[in-house]
Amino acid sequence: MEFMTAELWRIPRDFADTTTEAQLEERRWALLSAEGDARAFRLIVERHHRGVFQFIMRVVNAEADAEDLTQETFARAYVYIARFDPTYRLSTWLYRIALNLCRDHLRSAKRRERPVEPNCPSLDSRDHVAGPEERAASLHDAARLNRALGALPDSYREVIILKDLEDFSFFEIAAITGCSVTGLKIRAVRARAAMRKQLERQR
């Protein structure tokens, strides 16, 4: 493996203008991690563990599998951290690793049907304490959304999750999925139409 040198971590001037402090901080953590700093990598895990788990949960819809795949995502990230391209957000790189693991998992499981978990935490991301009626409504909406997502083809489900639920740009989704931006935009239109049909069927 060819490890990235410090020279390659310099941020291009035109890119740095749009980079946040948090992103620059994460790039420093990644560089330190590549040099063997375990504490820096722990900071990466602490910041991104919840988001990566929620993303994987949405894709595979099975909590135990999501936990295992989340651990594997960060294990692989630790091994290959020197390959991280700092022109992307660190979350983009982590989600690419996670998605590839999810795809392998779903293929190996031959797309087994899993029951929707009604208390799925990945779709109820609010941090405030909800009342009984509000929580019941939230859980109902989460289960309904999970069922609709589960009925979509994998490629449609991926773009819906990444664009509409995770709020990545099409440029970032292209980096995560390996698809072209143009193709993803077309797929997103079709995926949203398919998603609307699935939600209408549940009324």
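Predicted model: local features only at pLDDT ≥ 70, side-chain atom pairs only at ≥ 80, totals over all residues.
Two residues are in contact when heavy atoms of theirs lie within 4.5 Å. Thr-92 belongs to helix H5, which spans residues 90-108. Its relative accessibility is 2%, so Thr-92 counts as buried. Once the neighbours within four places in sequence are set aside, the contacts of Thr-92 are Phe-168, Glu-172, Ala-175 and Ile-176.

The overall architecture may be set out next. The chain contains nine helices and zero strands, and the order of elements from the N terminus is accordingly written α-α-α-α-α-α-α-α-α. Of the 203 residues in the chain, 40% are buried. The chain exposes about 11,700 Å², and carbon and sulfur atoms supply 50% of that area. When contacts between residues at least 6 apart in sequence are considered, 65% of them join residues at least 24 apart.

Tyr-78 and Phe-41 are 37 residues apart in sequence, and the distance between their C-alpha atoms is 7.3 Å. Tyr-78 is located in helix H4. With a relative accessibility of 41%, Tyr-78 counts as partly exposed, because that class lies between the limits of 20% and 50%.

Seven of its eight residues are buried, so H8 is largely enclosed by the rest of the structure. Directly after H8 comes Gly-178, with a positive phi of about 80°.

The packing of H8 against H7 can now be described in geometric terms. Two packed helices are described by the angle between their axes and the distance between the axes. For H7 and H8 the angle is about 135° and the axes are 10 Å apart. H7 is therefore oblique to H8, since an angle would have to be over 145 degrees to count as roughly antiparallel. The crossing of these two helices is right-handed. On the H7 side the contact is made by Glu-158, Leu-162 and Lys-163, and on the H8 side by Phe-170, Ile-173, Ile-176 and Thr-177. By class, the residues of this contact comprise four nonpolar, one polar and two charged.

H7 also packs against helix H9, which comprises residues 181-201, with the two axes coming within 9 Å and crossing at roughly 100°. This angle makes H7 roughly perpendicular to H9. H7 contributes Ser-155, Tyr-156, Val-159, Ile-160, Lys-163 and Asp-164 to the contact, while H9 contributes Leu-184, Arg-187, Ala-188, Arg-190, Ala-191, Arg-192, Ala-194 and Met-195. The residues at this contact fall into eight nonpolar, one polar and five charged. Lys-163 takes part in the contact of H7 with H8 and also in the contact of H7 with H9.

Ala-188 lies in helix H9 and is buried, with a relative accessible area of 2%. Apart from neighbours within four places in sequence, Ala-188 is in contact with Val-159 and Phe-170. Ala-188 and Glu-158 are 30 residues apart along the chain, and their C-alpha atoms are separated by 9.4 Å.

Most residues other than glycine have a negative phi, and most peptide bonds are trans. Asp-167 has a positive phi of about 65° although it is not a glycine. Asn-61 is placed in the loop between helix H3 (38-60) and helix H4 (63-80).

Notes:
Residues numbered from 1 in each chain as written. Heavy atoms only, no water. Helix = DSSP H or I, 4+ residues; strand = E, 2+ residues; numbered from the N terminus. Axes fitted to C-alpha atoms, helices over the stretch in contact; angles between N-to-C directions. Parallel < 35°, antiparallel > 145°, perpendicular 65-115°, else oblique. Left-handed = near helix turned anticlockwise from the far one by under 90°. Nonpolar A, V, L, I, M, F, W, Y, C, P; charged D, E, K, R; others polar. Buried < 20%, exposed > 50% of the residue type's maximum accessible area, 1.4 Å probe, protein only. Areas by Shrake-Rupley, 256 points an atom, 1.4 Å probe, with all protein chains shown as cover.
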